[in-house]
Amino acid sequence: MSKESLENKILNWSRKFIKSLKDYELIEIIRSENLSKINSENIKKFQNYGNWDFTPDFALIIKNIKEDKLNIILINRDNKSVGLRSIGEIMCFNKIVNPIYSFLISEKGHSDEISYFMINENLRSKLMNYFDNTLIIFSFDDNSEKIKKESIIPFSKRKTLND
Amino acid sequence: MEKSPSLFYLLGLLCGKGYILEKSLSLNFPHKNIIVEGIAHCPMCGYLATKTFGKDDKTLKCKNSSCDNSSGGINSKIKKRYNQRDLFTKSIKENVIPFLKSKIKFNYSILSNNTVTILNIIELNPKILDFIKNFFNEKKSFDRFEIPDSLNNERKELKVEFVNGLLDSCSYPSAGGWLNRDGKNGHGRMRSYFQIVRNWKLPVQIDNFLRHNFNIPTAKFDWGHPNIRDPGLQDYINQNESSFARECQVGFFPEYFKIFKHRIAPKIELFNELLRHNLKVKFEQDDDWLKTKKTITTGKIKPSHPMENDYRIHKEVRGHFDAEWQINLVLGCKYLKKIQSKAKNKEVFRISGNLEIEKINEVKDNFKKIREKKYSEINLNPKKKKVSKIKNRSKIREQQTYKPLVFWLKNYIKEKYKEDSEAFDTSAQTLNNFFSSNFESFVQFEDQIKNLEDLDIRPDIVGISKVSNKLFFIESKVVSIGIKEVGQIWAYSIIADPFESFLISTKDTSQSLLRVISQTPNFLKYKEKKNIKIGKLINNKNVEFIYE
């Protein structure tokens, strides 16, 4: 799968995912831009955005309609299998931004090197939890825009994403 | 607790590719390629059809020289194609789990990607878990497991299920792995393989277990040793020195394995394809490696290989070997030992396979002279390769920091903790080897090392105090350290929990990272009271801390 087709899948899926969230609407999609330097009025509404000197593959700004409050979703993509390097990278972003959702989406799921850690709940939570939230890793079906159920980590999020 | 077939199947699965965790088990089912193909037979005469070298991949040629298709023309689409990833997951759900659950209570989850499917078994009865831990002598992973002698005393159906577990976890029926043999009704004897990763004891133990309990031979051993995998030094010459360091393959013929069964598709279908082919072609000889002539003639003596004592080779088999069976002998094959016991000089037998000669010195000198002569006759100049100069330059720059950082780390530990230490760069050798060669006992690090050893990427420098066994990591960079650069060493540190962890660059730290560090509590924290320390390497000698 090319970088472009994976990114298109991510975009289409993201829109559907946000639609499925109760009381949220999509405000802006930022693709591969340094969040502290982009000229976006929406980003500037976040406190400390000046510290966000990094470039996620996607930053989705969403709004809680009831509370009239902006939230952010961070997504990194990996055309290879997800390894420790890519988990470490997005987790650094998460620790600064505290996004409402954070996804690491790969073409090939997780790599063998992290298989062991991903099923060790203690290590997994240390690696993937931030504030009261967790990073979610998954990949798509090769021939559709559906999520491959068995690729979703952590297991506890499988139901959420499948619904 | 009942000793059931399900339990012994589980033990076999673990032995082949499993991990024992504190309260759970993890069973790995690797499937390297998404699609695997079956055997091709000529539609005209039914002989084996293989690739036509030099032509396109779409046509095959018949191995029967008197067939019209012997020079090509067979459509390669006649081969059956199996989607391993989908079939593995399906079989685990439909075959493996129901069989295990027929006698064992547990809960589970499945994790899968393109190359592996993992069955995670949880909520297992503590008595069963204790039995499993005890069976494997408290070892925790497939690369350390051995087959205990006590298994020979169990009833037959349990031993069969143990082998079934091994077959499903680490054997690979392959249409491409045939032996060049003529049979009564055709050509090519199909083989399946056990692929044993990083476990040097298990291959011989599997062979001996099969012979002892079922009178079944294996066909071939392919050891990850330079004399076996790169006997002509071609990989070495072409700067692929470590190509030998792969898994051990133990080949076997499916017709001897009819008593066993796979539960994983497409292994079931592939195994049956190989079996049907061999039964149809009919081979009269048994092609048992143990029965082949052991005498090593001058022509079979291999040239010396510069990697013969490489650290990746198990300690017991470092050195020169001219034949696979010699490695089997050193690693404890009881059948070879029996043959060796009849030799007039056991050492002569080990070196030359000769049972009659008594005087060792002459044999030793002669073999040494021949292998050295053969080595001296090899042209060691590599074939020219196109190398990206820009890529190389940048790689060398980072590698140039490793040596000074090794010295710095040893001094740092000495000055701060008054302790002697060892430090090394992981591009030079593996952690496991470093610890086993430099420390008499490293039991206290086994989990940490194993965790790191399994990673494709590791910290650049690892240090360890010889006094208190404190671990130290350094990640070296030749770019300005920003938020993104912290992620890698942070993840390593979370997993291995070093005493101190450093991120050191030859360049200044980015302002944004400094801002984040000052405003985001715990950004560099990887454990209570432990933070990654950020530093700058000055003049390739000293480290100035920017944040500690």
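Modeller: Let me begin with the term that the first point needs: two residues are in contact if their C-beta atoms, placed from the backbone, lie within 7 Å. Please keep in mind throughout that this is a predicted model.

Biologist: With that in hand, what covers the buried residues of H5(B)?

Modeller: The cover includes helix H4 (156–170), strand S13 (192–196), strand S14 (220–222), strand S15 (248–252) and helix H9 (324–330) of chain B. The buried residues in question are Leu202(B), Pro203(B), Val204(B), Gln205(B), Ile206(B), Asp207(B), Phe209(B) and Leu210(B).

Biologist: How does the span of H5(B) from its first C-alpha to its last stand against the one expected at 1.5 Å a residue?

Modeller: Helix H5, residues 202–214 of chain B, has 13 residues and reaches 17 Å, which is close to the expected 18 Å. Just after H5(B), Asn215(B) takes a positive phi of about 55°.

Biologist: Why is Cys62(B) called buried?

Modeller: The label requires 20 or more other C-beta atoms within 10 Å, and Cys62(B) has 26, so Cys62(B) counts as buried. Cys62(B) is found in strand S5 (residues 59–62) of chain B, and, leaving aside residues up to four places away in sequence, Cys62(B) touches Cys42(B), Cys45(B), Tyr47(B), Ala49(B), Cys67(B), Asn69(B), Ser70(B) and Ile74(B). The C-alpha atoms of Cys62(B) and His187(B), which are 125 residues apart along the chain, are separated by 10.0 Å.

Biologist: Turning to chain A, what makes S1 and S5 the edge strands of the sheet?

Modeller: The six strands form an open sheet with mixed pairing, in the order S1-S2-S3-S4-S6-S5 (chain A); strand S1 (24–31) and strand S5 (129–130) each pair on one side only, and are the edge strands. Helix H2 (residues 84–97) of chain A packs on this sheet, touching S3, strand S4 (101–106), S5 and strand S6 (133–139), and its direction makes about 170° with that of S3(A).

Biologist: How do you know that S2 and S3 of chain A are paired?

Modeller: Pairing asks for at least two bridges, and seven join strand S2 (residues 58–64) to strand S3 (residues 69–78) of chain A, in antiparallel fashion; the pair therefore meets the definition. Within this pairing, Lys63(A) stands opposite Leu70(A) in S3(A).

Biologist: Which element of chain A gives the most to the side that touches chain B?

Modeller: H2(A) does, with nine residues, in an interface where 34 residues of chain A are in contact with 36 residues of chain B.

Biologist: At what angle do H2(A) and H16 of chain B pack?

Modeller: The angle is about 115°, with the axes 7 Å apart, and H2(A) passes H16(B) in a right-handed crossing. By class, this contact has 10 nonpolar, three polar and three charged residues.

Methods:
Residues numbered from 1 in each chain as written. Chains lettered and ligands numbered in written order. Predicted model: local features only at pLDDT ≥ 70, side-chain atom pairs only at ≥ 80, totals over all residues. Helix = DSSP H or I, 4+ residues; strand = E, 2+ residues; numbered from the N terminus. Axes fitted to C-alpha atoms, helices over the stretch in contact; angles between N-to-C directions. Buried ≥ 20, exposed ≤ 12 C-beta atoms within 10 Å, placed from the backbone. Expected span 1.5 Å × (residues − 1). Left-handed = near helix turned anticlockwise from the far one by under 90°. Nonpolar A, V, L, I, M, F, W, Y, C, P; charged D, E, K, R; others polar.
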